[in-house]
Amino acid sequence: MMLAKNVLRSAIVAAMLATTLTAGEVILSTPAYAQDEDDGPREPPPTRRSDTLSERVYRVIAEIQEMLSPSEEGVEPDLPGAKEELDELNERYDSLNDFEKSTLLNFYTNYYLAVEDIQSALDTFERILQIEDLRVDSRLRALQSSGQLYAAEERFEEAIGRLNAWRDLSDEESATVFQILALAHYNLQEYDVAIPHLLSYMDMLRTEGREIPKNIYSLLNVMYIEQENYDAALEVTKTMVALFDEASDWRNLAAIYGYLDDEAKRIQSLELAYHKGYLENEGEFLNLAQSLAGLDAPYRGLQIMQDGMEQGIVENNGDNLRRLTQMYIMASEFEAAVEPAEQLVEVVDDAEAWDYLGYIYLMNRDYESAADAMQTALDRGGLENAGEVQLSLARALVELDRFDEALEAAQAAVRNDVNNASQYVTFVETAKRRHEALQNQKEMAIDYYRPV
């Protein structure tokens with residue numbers, strides 16, 4: 001919601017500055033009774049017209065305009081003086097024609113906006129709209145300006161009413177009106193109405209050759225996501241990626257692919273963001289690295305994880321070392337896995353960490369280290385896969401010709417219902433007998449050739 005409010009404030013400030021009335025916009029009518037006496041007998045004063053300013057009123061308005069917005073550079077506005085002049089003219093309010101009344105009230109709104117008295121400005125616009133013979137241009141100005149101010153005050157229903165009345169009266173559409181209507185409906189969570197208004201605003205900007213600000217695309221995207229219209233949000237996000245190519249756009253693209261359950265494109269978007277240098281925090285690095293590992297690309301995942309650690313973005317702690325070690329194992333990069341696995345046991349010293357290290361040693365054929373690490377894992381306790389660790393320990397011990405210990409570990413695996421553990425017990429027993437037979441033959445040979 002903060003996004004929309006920021007857009008709303010900037011839109012209203014710009015629009016109000018554009019619609020502020022100036023003395024140069026009013027019409028001066030010089031009354032006939034102001035002619036020189038030498039021209040002969042005076043004609044009777046003409047009937048006052050209701051769509052012009054008298055010279056006297058125009059002169060006062062011009063003075064007020066100069067006080068509110070001095071033409072001389074460096075001169076500060078005289079707001080108290082302008083208010084005093086307005087009040088003096090207002091004392092003759094009933095004698096003014098309708099156009100003079102609307103002009104006076106418009107300059108009151110200029111003053112109230114300058115001193116940020118928004119409620120008084122709104123009350124004055126309401127007085128303008130009550131003038132019976134108000135000129136169309138003055139009514140349009142009052143409707144649009146009051147609509148904008150109601151929106152700024154977060155009185156969105158009133159803003160919508162005034163701006164819709166403006167559209168009913170006006171022969172033309174306005175980009176500003178479409179924008180504020182869209183924002184007002186957005187704040188009321190009326191997305192079905194807000195979106196068409198925002199699209200019309202964007203179309204008018206394009207027609208006028210004006211650039212569409214990024215926050216407008218973002219607002220459109222937010223509304224599509226609120227509607228769970230992810231296909232439309234995807235198209236907007238692709239446009240933002242093409243136009244702005246910012247880190248947030250790529251992250252949003254990945255998120256929307258996630259909403260659409262397109263995991264491959266989600267990960268692809270994140271990986272492109274990574275190569276552009278747009279990943280900024282540990283969570284983003286971990287998300288991408290683990291996603292790649294889950295997509296059967298663990299080696300790419302561990303490379304990103306290590307890069308994050310080297311940059312200091314990913315913390316070199318137990319959890320992250322555990323993740324990194326797992327990725328090395330998944331990638332079958334056992335030689336390179338030794339270093340992070342050894343760091344892991346130094347940091348956390350738990351059964352799972354020692355199990356990883358033992359398995360890595362086993363795959364590197366370092367059977368002595370493997371047996372020590374796996375026995376340490378079992379001693380630490382708490383392993384969910386204790387039976388499998390027992391079976392792996394048995395394999396390492398067999399390679400070390402420690403058959404009795406291997407048989408004990410394999411039998412423990414059987415008790416834990418590990419698949420193929422029974423067959424491995426048989427293998428260990430067979431290996432032990434074969435080893436013992438070979439040892440007996442070797443000893444007999446030695447005895448045979450030993451000198452008497």
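A charge counts as sitting over a ring when NZ of Lys or CZ of Arg is within 6 Å of the ring centre and within 35 degrees of the ring normal. By that rule, the charged end of Arg395 sits over the ring of Tyr424, 5.5 Å from its centre. Arg127 does likewise with Tyr93, its charged end being 5.1 Å from the ring centre.

A quick word on what you're looking at: this is a predicted model, where local features need pLDDT of at least 70, side-chain atom pairs count only at pLDDT 80 or more, and totals for chains, interfaces and linings use all residues. Numbering starts from 1 along each chain as its sequence is written, and side-chain values use heavy atoms, with hydrogens and water left out.

Now the aromatics. Rings of Phe, Tyr and Trp (its six-membered ring) pair if their centres lie within 6.5 Å; planes under 30 degrees apart are stacked, over 60 edge-to-face, and the rest tilted. That gives eight aromatic pairs, two of which are tabulated here.

| Pair | Geometry | Centre to centre | Between planes |
|---|---|---|---|
| Tyr274 and Phe285 | edge-to-face | 5.9 Å | 85° |
| Phe334 and Tyr359 | edge-to-face | 5.9 Å | 75° |

Tyr274 is in helix α13 (residues 263-275) and Phe285 in helix α14 (residues 282-294), so their pairing ties together parts 11 residues apart in sequence. Helices here are DSSP runs (H or I, at least four residues), numbered from the N terminus. For accessibility, buried means under 20% relative accessible area, exposed over 50%, and partly exposed in between (1.4 Å probe, protein chains only). Tyr274 is buried at 16%, and so is Phe285 at 2%.

The other pair links Phe334 in helix α17 (residues 334-347) with Tyr359 in helix α18 (residues 351-363), 25 residues apart. Phe334 is buried at 12%, while Tyr359 is partly exposed at 30%. Elsewhere, Tyr108, Tyr111 and Tyr112 form one aromatic cluster.

On to the packing. A nonpolar core is a set of buried Ala, Val, Leu, Ile, Met, Phe, Trp, Tyr and Cys residues joined through side-chain atoms within 4.5 Å. The largest has 97 residues, and Leu198, Tyr201, Met202, Met223 and Leu288 have the most contacts inside it. Leaving aside residues up to four places away in sequence, Met223 touches Tyr186, Tyr191, Ala194, Ile195 and Leu198, where contact means heavy atoms within 4.5 Å. A second, separate core of 41 residues includes Leu89, Ile118, Tyr150 and Ala151.

Finally, helix α6 (residues 136-152): 13 of its 17 residues are buried, so the rest of the structure largely encloses it. Just after α6, Glu154 takes a positive phi of about 60°.

Methods. Helices (H or I, at least four residues) and strands (E, at least two) are DSSP runs, numbered from the N terminus.
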